[in-house]
Structure formats: C-alpha cells, structure tokens
Amino acid sequence: MKVLITGNMGYVGPRVVAHLRARWPEAVLIGADTGWFAPLLTTANPDPESLLNEQWRCDVRDLDDASLRGVDAVVHLAGISNDPIGIAYEAPTLDINLRGTLQLAARARAAGVRAFVFASSCSIYGESEEGARNEQSAPAPLTAYARSKVLAEEGLASLATSEFLVTSLRFATACGMSERLRLDLMLNDFVAGAVAARRIRILSDGTPWRPLIDVNDMARAVEWAILREREHGRNLIINAGRTEANYRVHEVADAVADQIEGTSVTVDPAGRPDRRSYRVDFSLFARLAPEHQPVVTLRESIAGLREGLMKMGYTTPDVRDSPYIRLRTLSELKGQGAVDGDLRWTRVAAGA
C-alpha cells in the first residue's frame with residue numbers, strides 16, 4: 001500500500017504517521033508539507049519523519065499529477081487549522097482548505113487513487129444548543145475555517161465514485177500530546193497553564209459544549225477511513241469521536257485542576273458565552289467502526305500532556321506567549337518576510 005499524507009508536519013500528522021507505520025510496517029508512506037511548523041518539535045523524538053519512506057517539502061496547492069502516481073490512499077490533513085488563523089487570513093484559508101483540497105482530490109481521482117480521507121471538523125455545527133448534532137443536522141458554520149470545511153465536503157461529494165471513496169471525518173476538538181504540540185486547543189491550553197503556573201483561565205463564561213478526541217484516536221479513525229468498505233457509500237461524511245466525550249468548557253478545566261494539584265480555575269468576569277457551542281452524536285461512527293473507537297480517556301490525555309510538557313521544560317504561564325500557537329508562528333513568518341499574504345514561502349525564504 002502507498003499512502004500520501006499531506007500536512008504531516010503539523011499537530012496530527014506525526015501521530016498518524018506513527019500509527020500507520022506501526023499498523024503497516026511494509027507500506028510506502030509519503031509526507032507532503034510546506035513546513036511552516038517543522039521546527040516546532042516538542043518531544044524527544046528528533047525526527048518523526050524518519051518513519052516515512054519520503055518527505056516532500058511542498059505547498060499542497062502545488063502537488064501535481066505525478067505526485068499521485070501509484071498512490072492508493074490520500075490522507076489530507078493539510079490546511080489552515082483553526083478559527084483565529086481563518087479570521088486573520090480568510091482568503092488563504094479558502095484557497096488552501098477549499099480550492100487546494102478539491103484540486104488535490106480531482107487529481108487523485110484521475111490518478112486512480114482508491115481512498116481520499118479528508119480531515120474535517122465538528123466546528124461546522126457552530127452554535128447548536130438544541131441537542132446533539134448528527135450527520136443529518138444542518139451545518140451552522142460561524143467562521144471562515146468552518147465554512148471552508150463545509151464547502152470542501154460539498155465539493156468532495158461531487159468527486160466521489162465507486163472507485164474513488166471519499167471519507168470526510170468530522171473530528172471532535174483535538175487534544176493530547178504530539179511531536180509537534182499545539183497549545184491553541186482547549187485541553188492543551190488548560191494543561192499548559194496548570195503545568196506552568198498552576199492556573200487555568202477560562203476566557204468565555206465556561207458554558208459552551210465541546211466534544212474532545214485525543215490525537216492518537218484521530219490516527220485510529222484515519223486508519224479505518226483508509227480501509228472502510230464501499231458499502232458505506234462512495235461519499236461518507238461521519239462524526240469522528242465518542243458521544244460520552246462531550247463536555248462543557250468548565251468541566252474540562254475542572255478535570256485538569258483535579259488531576260494537577262494546586263491548580264486554580266478562574267473565569268473571566270467579562271467573559272461572554274462563546275457562540276461556538278455544540279454537542280455531537282457519534283453513534284454512526286460507533287456503528288460503522290467498532291474496532292476503531294476512541295480509547296484514550298480525558299484523564300489519560302491530561303496525563304500525557306502533563307508528562308510531555310514537563311519533559312519539554314515548559315514554563316510559559318500564558319500560552320499565548322509561547323511558540324506553540326499556530327497564528328503566532330504564521331504571523332512571525334509573515335513579519336519576517338518568509339511567507340507572503342497568500343501564506344506561500346517567498347523567494348527570499350526559499351533561498352535562505
């Protein structure tokens with residue numbers, strides 16, 4: 001089997017690569033990543049890309065037909081990864097997350113790729129207080145990032161065939177330790193604050209709902225999506241997570257404080273309810289992928305993050321001052337002239 005993994009140098013990618021290599025030792029695994037976050041290694045493993053057969057440094061928007069020759073499956077993780085970046089860079093978000101995705105999928109289909117796995121997001125449900133959202137619930141995207149995911153799903157549906165199976169995994173909110181950790185994710189943020197300062201600051205009023213999934217369980221879901229049966233449909237959109245892992249923000253903060261002794265939790269007195277609030281029904285995923293269900297508990301995710309951050313020697317009290325905030329990294333690259341307004345590497349950076 002030959003698998004192309006885009007965005008492998010991000011947060012999720014290293015865990016996906018490690019999982020697929022463990023599951024399929026003889027597979028040909030190729031990574032394709034523009035390398036924005038490549039230097040931000042946060043574990044003792046100096047080179048998670050060593051598990052790959054090849055690593056390409058390229059913009060996903062530039063992958064050509066030859067790149068897909070002989071590929072059996074594409075795992076498409078590359079993209080603008082969160083709401084703050086989508087706000088700051090709305091046009092590139094649509095260019096990368098929507099147009100780049102559909103261009104890649106069209107080329108993959110033409111090249112004879114069998115499976116296309118798209119990392120979508122439960123954030124497409126937006127503001128949903130009426131009950132748990134399932135795959136038939138109407139999307140209510142509130143941000144450019146969420147809109148790009150909805151539009152990409154729609155475009156991918158038109159490309160799917162019985163020989164080109166598309167799976168859009170609407171992932172719950174990611175969490176857990178990775179070789180390239182992100183701290184602009186709720187649980188990761190809370191654990192970092194607890195480790196560095198024994199303090200968690202909730203910037204909203206703490207009431208919004210969020211489903212969580214550990215990054216290692218995301219990798220298990222990707223494995224399932226690569227191998228899933230045709231009987232599940234040529235185009236499958238599915239919530240990936242566990243129904244029992246829906247939490248209110250303050251519940252997650254309290255769980256971290258309970259596990260990391262001496263941690264206080266404060267709610268911003270001026271905090272407003274975050275409109276991005278949604279509970280999600282993952283029963284379809286439970287039925288179709290019984291052998292690939294999430295197994296990492298919230299407690300285990302917290303413990304893994306705590307151990308990883310301590311090994312890193314992490315001491316920054318406010319995560320927004322750390323280098324592990326994706327918007328901060330991109331803004332610094334742009335300020336240095338290393339990337340342009342379209343978030344492409346400049347000639348100056350390429351020649352440096």
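Colleague: How do the residues of the lining of the largest cavity divide by class, nonpolar, polar or charged?

Modeller: The lining divides into eight nonpolar, two polar and three charged residues. Here Ala, Val, Leu, Ile, Met, Phe, Trp, Tyr, Cys and Pro count as nonpolar, Asp, Glu, Lys and Arg as charged, and the others, Gly among them, as polar. This is a predicted model, in which local features need pLDDT of at least 70 and side-chain atom pairs pLDDT 80 or more, while totals for chains, interfaces and linings use all residues. Residues are numbered from 1 along each chain as its sequence is written, and side-chain values use heavy atoms, without hydrogens and water.

Colleague: How many cavities of 30 Å³ or more does the structure hold, and what is the volume of the largest?

Modeller: A cavity is a set of points on a 1 Å grid where a 1.4 Å probe fits but cannot get out, and lining residues have an atom within 4 Å of a point. Points are joined across faces, edges and corners, and the volume is the space filled by probe spheres set on them. The structure holds one cavity of 30 Å³ or more, and the volume of the largest is about 90 Å³. Of its 13 lining residues, Leu212, Ile213, Asp214, Ala245 and Val296 are the closest to its centre.

Colleague: Which elements each supply at least two residues of that lining?

Modeller: Strand E10 (209–214) and helix H9 (298–312) do. E10 gives the most, with three residues. Helices (H or I, at least four residues) and strands (E, at least two) are DSSP runs numbered from the N terminus.

Colleague: H9 also packs against H5. At what angle do H5 and H9 pack?

Modeller: Two packed helices are described by the angle between their axes and the distance between the axes. Axes are lines fitted to C-alpha atoms over the stretch in contact, and angles run from 0 to 180 degrees between N-to-C directions. H5 (residues 186–197) and H9 pack at about 50 degrees, with axes 10 Å apart. H5 is therefore oblique to H9; under 35 degrees counts as roughly parallel, over 145 as roughly antiparallel, 65 to 115 as roughly perpendicular and the rest as oblique.

Colleague: Which residues of H5 meet H9?

Modeller: Leu187, Asn188, Val191, Ala192 and Val195 of H5 meet residues of H9 including Leu298, Ile302 and Leu305. By class, this contact (heavy atoms within 4.5 Å) has nine nonpolar, two polar and one charged residues.

Colleague: How do H3 and H4 cross?

Modeller: The axes of H3 (residues 90–110) and H4 (residues 144–159) come within 9 Å and cross at roughly 20 degrees. These two helices are therefore roughly parallel to each other. Their contact includes Leu94 and Leu98 of H3, with Leu151 and Leu156 of H4. By class it has 11 nonpolar, six polar and four charged residues.

Colleague: And at what angle do H1 and H6 cross?

Modeller: The axes of H1 (residues 13–23) and H6 (residues 215–227) cross at roughly 55 degrees and come within 9 Å. That makes H1 oblique to H6. Arg15, Val16, His19, Leu20 and Arg23 are the H1 side of the contact. The contact residues divide into six nonpolar, two polar and four charged.

Note on methods
1 Å grid on protein atoms, 1.4 Å probe; cavity = no way out; pocket = protein on both sides within 12 Å on 5 of 7 lines; lining within 4 Å.
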